[in-house]
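Please look at the sequence and the structure shown here, and then read the briefing that follows, which begins with a single bond and widens to the whole chain.

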Amino acid sequence: QVQLVESGGGLVQAGGSLRLSCVVSGRTFGSISMGWFRQAPGKERDFVTGISRSGDTTYYADSVKGRATISRDSAKKTVYLQMNSLKPEDTAVYYCAATYTLSNSYIGRLESDYSHWGQGTQVTVSS
């Protein structure tokens, strides 16, 4: 069973940076593709970025491209989301998600592509 625990959220001024972490429990870290989603108040949960199980492939939503970097550390069973040049519109609850896959390059981009979710971490960007 995979469990995900996010951390690293908080309050930051516009233009600042944050690094979110998602620790994955279980023995199957190398078999799962990971993603980050976010949900702003009153809005749907949107895909932010994803990384393949091998770590060789990443994908970013246009809204964060150039400002975000996703990475994974197999030894720590952790996926990171580094966010720079933060904007007030980045304010949201950020969720990490995982799905098992046989493909080394697969990255899901829909909520329905993922089977496991963390509890979320709040990111608030003040102007």
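The torsion about the S-S bond of C22 and C96 is about 50 degrees, so this disulfide (a pair of cysteine sulfur atoms within 2.5 Å) is right-handed. C22 belongs to strand β3 (residues 18–25) and C96 to strand β9 (residues 92–100), so the pair ties together parts that are 74 residues apart in sequence. This is a predicted model, in which local features need pLDDT of at least 70 and side-chain atom pairs count only at pLDDT 80 or more, whereas totals for chains, interfaces and linings use all residues. Residues are numbered from 1 along each chain as its sequence is written, and side-chain values use heavy atoms, with hydrogens and water left out.

**The disulfide**
- The sulfur atoms of C22 and C96 are joined at 2.0 Å, and the count comes to one disulfide.
- Both C22 and C96 are buried, where buried means under 20% relative accessible area, exposed over 50% and partly exposed in between, with a 1.4 Å probe and protein chains only.

**The chain**
- The chain has zero helices and 11 strands, where helices are DSSP runs of H or I with at least four residues and strands are runs of E with at least two, numbered from the N terminus.
- Of the 127 residues in the chain, 45% are buried.
- The C-alpha trace spans about 40 × 25 × 25 Å along its principal axes.

**Residue T121**
- T121 is found in strand β11 (residues 121–126), and at 10% relative accessibility T121 counts as buried.
- The side chain of T121 reaches the backbone nitrogen of G9 at 3.2 Å.

Technical notes: Polar contact = N/O pair within 3.5 Å; in protein donor to acceptor, adjacent residues only side chain to side chain.
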